[in-house]
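Work through the exercises below with the sequence and the 3D structure open beside you. Try each task before reading its solution.

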Amino acid sequence: MINPLMRHKQGWIEIICGCMFSGKTEELIRRVRTALIAKQKVQLFNSKVDTRYGLDSITSHNQNKVAAICVKTSDEILPHLEKDTQVVAIDEVNFFDKGIVSVCEQLANKGLRVIVAGLDTDYRAEPFEVTAALMAKAEFVTKNLAVCTKCGNPASFTQRISKDKRRIVVGTTDAYQARCRRCYKKPRA
């Protein structure tokens with residue numbers, strides 16, 4: 001974990017990843033609130049793809065909420081950046097285009113703490129490319145596990161329970177369940 005005595009003269013990337021319902025957004029919000037307690041200037045961003053809980057906030061499944069700027073593409077983030085910002089948090093990073101990797105690196109190279117959260121794999125257990133790339137470039141990687149809805153074991157897979165075959169389908173318990181390796185059933189191609 002991050003040394004609380006570390007000064008913010010150097011930037012870095014932190015990524016929080018895992019399957020659906022593993023607490024990624026909860027952890028992002030917790031880290032943001034800690035930065036706010038430390039009187040750091042924080043800016044938050046969310047993807048316009050994520051419409052589950054509104055467009056002006058990052059909201060966890062437990063309804064914990066923080067205000068955020070909603071953007072459609074990664075190149076919309078840098079123009080919103082304020083001069084005195086020290087921490088940038090981005091939720092649902094897996095919904096962003098591949099330019100998000102470069103944006104995160106640019107922010108870290110400017111000396112900012114960059115915290116991102118997102119799914120590591122899709123419902124077919126295939127890696128999201130931007131999440132994988134950020135995991136490779138991040139200084140700190142946290143992989144959260146959920147609880148399998150079938151057996152209660154640690155879950156690292158996202159099981160889609162709806163019939164939709166698109167890669168990205170925004171949903172919650174109506175469309176997805178967390179599953180362990182044993183209980184996860186890979187969909188047919």
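A residue is called buried under 20% relative accessible area, exposed over 50% and partly exposed in between, with a 1.4 Å probe and protein chains only. The model is a predicted one, in which local features need pLDDT of at least 70 and side-chain atom pairs count only at pLDDT 80 or more, while totals for chains, interfaces and linings use all residues. Residues are numbered from 1 along each chain as its sequence is written, and side-chain values use heavy atoms, with hydrogens and water left out.

**Exercise 1. The whole chain**

Task: State what percentage of the residues of the chain count as buried, and describe its secondary structure.

Solution. 
Step 1. The chain has 189 residues, and 48% of them count as buried.
Step 2. Helices (H or I, at least four residues) and strands (E, at least two) are DSSP runs, numbered from the N terminus. The chain has four helices and twelve strands.
Step 3. A contact means heavy atoms within 4.5 Å. Take the contacts between residues at least 6 apart in sequence: 70% of them join residues at least 24 apart.

**Exercise 2. Helix H1**

Task: Compare the span that helix H1 should have with the distance between its end C-alpha atoms.

Solution. 
Step 1. The expected span of a helix is 1.5 Å times one less than its number of residues.
Step 2. H1 covers residues 24–37, which is 14 residues, so it should span 20 Å.
Step 3. The end C-alpha atoms of H1 are 20 Å apart, which agrees.
Step 4. Buried residues in H1 include Leu28, Ile29, Val32 and Ala35. Just after H1, Lys39 has a positive phi of about 60°.

**Exercise 3. Strand S2**

Task: Decide whether strand S2 is enclosed or open, and find which strands pair with S2.

Solution. 
Step 1. S2 consists of residues 42–47, and six of the six are buried, so S2 is largely enclosed by the rest of the structure.
Step 2. Check each face. Val42, Leu44 and Asn46 lie on one side of S2, Gln43, Phe45 and Ser47 on the other, and all are buried.
Step 3. Two strands pair if DSSP finds at least two bridges between them. S2 pairs with strand S6 (residues 87–90) in the parallel sense over four bridges, and Gln43 stands opposite Val88 there.
Step 4. S2 also pairs with strand S5 (residues 69–71), again in the parallel sense, over three bridges. In S5, Ile69 is the bridge partner of Phe45.

**Exercise 4. Salt bridges**

Solution. 
Step 1. A salt bridge is a side-chain nitrogen of Lys or Arg within 4 Å of a carboxyl oxygen of Asp or Glu. The structure holds 13 of them.
Step 2. Glu105 is partly exposed at 29% relative accessible area, and Lys137 is partly exposed at 40%.
Step 3. Arg124 is partly exposed at 29%, whereas Asp122 counts as buried at 3% relative accessibility.
Step 4. Salt bridges with shared partners join Glu14, Glu27, Arg30, Arg31 and Arg113 into one network.
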